[in-house]
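Dear colleague,

Please find below the structure that I am handing over to you, with its sequence. My notes on what was found in it follow directly after.

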Amino acid sequence: MDVGAGDQGIMFGYASDETEDCMPLTHSIATRLGKKLTDVRKSGHLWWLRPDGKTQVTIQYIQKVDGSVEPQKIHTVVISTQHAEPLKAKRTQECAGYSGPEMIAPSMEEMNKLIISEVVVKTLEEPFG
């Protein structure tokens with residue numbers, strides 16, 4: 001019998017002085033992005049999102065003379081998420097119990113813009129620590 005989660009992942013870890021919780025900064029930011037993605041989906045703000053989102057953050061560092069590294073900038077943010085069918089899905093059919101005005105899922109371009117503004121930008125604007 002073949003039993004598995006149906007999803008694959010790579011795990012790594014180490015203690016770091018980059019954050020108060022001793023986690024790498026990339027991990028902390030990616031976790032916060034994932035939480036925000038869940039929050040805007042569950043609140044209905046971005047109702048067309050579906051579960052199982054994934055995040056990845058790459059940070060550019062500079063290495064100091066003593067060998068330590070210091071973050072310089074966020075280089076890349078990747079978010080992958082399931083979503084309703086663009087320009088076709090109806091909110092009353094996607095969201096159990098929703099009884100408000102009918103809405104149609106936005107275009108893929110608009111979905112991307114909303115994920116950037118409502119998840120990425122808002123997450124990065126929040127205080128860290």
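**Salt bridges**

The side chains of Glu94 and Arg50 form a salt bridge, with 2.9 Å from N to O; the term stands for a side-chain nitrogen of Lys or Arg within 4 Å of a carboxyl oxygen of Asp or Glu. Because Glu94 belongs to helix H2 (residues 91-94) and Arg50 to the loop between H1 and S1, the pair ties together parts that are 44 residues apart in sequence. Helices (H or I, at least four residues) and strands (E, at least two) are DSSP runs, numbered from the N terminus.

Please note that this is a predicted model: local features need pLDDT of at least 70 and side-chain atom pairs count only at pLDDT 80 or more, while totals for chains, interfaces and linings use all residues. Residues are numbered from 1 along each chain as its sequence is written, and side-chain values use heavy atoms, with hydrogens and water left out.

Glu94 is partly exposed, at 30% relative accessible area, and Arg50 is partly exposed as well, at 35%. Here buried means under 20% relative accessible area, exposed over 50%, and partly exposed in between (1.4 Å probe, protein chains only).

By this rule the count comes to eight salt bridges. Among them is the pair of Asp52 and Lys54, at 2.9 Å from N to O; Asp52 is partly exposed at 46%, and Lys54 is partly exposed at 36%. Another joins Lys88 to Glu85, at 3.7 Å from N to O. Lys88 is exposed, at 56%, whereas Glu85 is partly exposed, at 45%.

**Nonpolar core**

The largest nonpolar core has 20 residues, and Trp48, Leu49 and Val119 have the most contacts inside it. Such a core is a set of buried Ala, Val, Leu, Ile, Met, Phe, Trp, Tyr and Cys residues joined through side-chain atoms within 4.5 Å. Helix H1 (25-42), strand S1 (54-63) and helix H3 (108-125) each supply at least two residues of this core, and H1 gives the most, with six residues.

Apart from its neighbours within four places in sequence, Leu49 is in contact (heavy atoms within 4.5 Å) with residues including Leu37, Val40, Thr81 and Ile115.

**Strand pairing**

S1 and strand S2 (residues 69-80) run antiparallel and are joined by ten bridges; two strands pair if DSSP finds at least two bridges between them. Thr55 has Ile79 in S2 as its bridge partner. The hairpin of S1 and S2 has five residues between the strands, and Gly67 in this hairpin takes a positive phi near 95 degrees.

With kind regards
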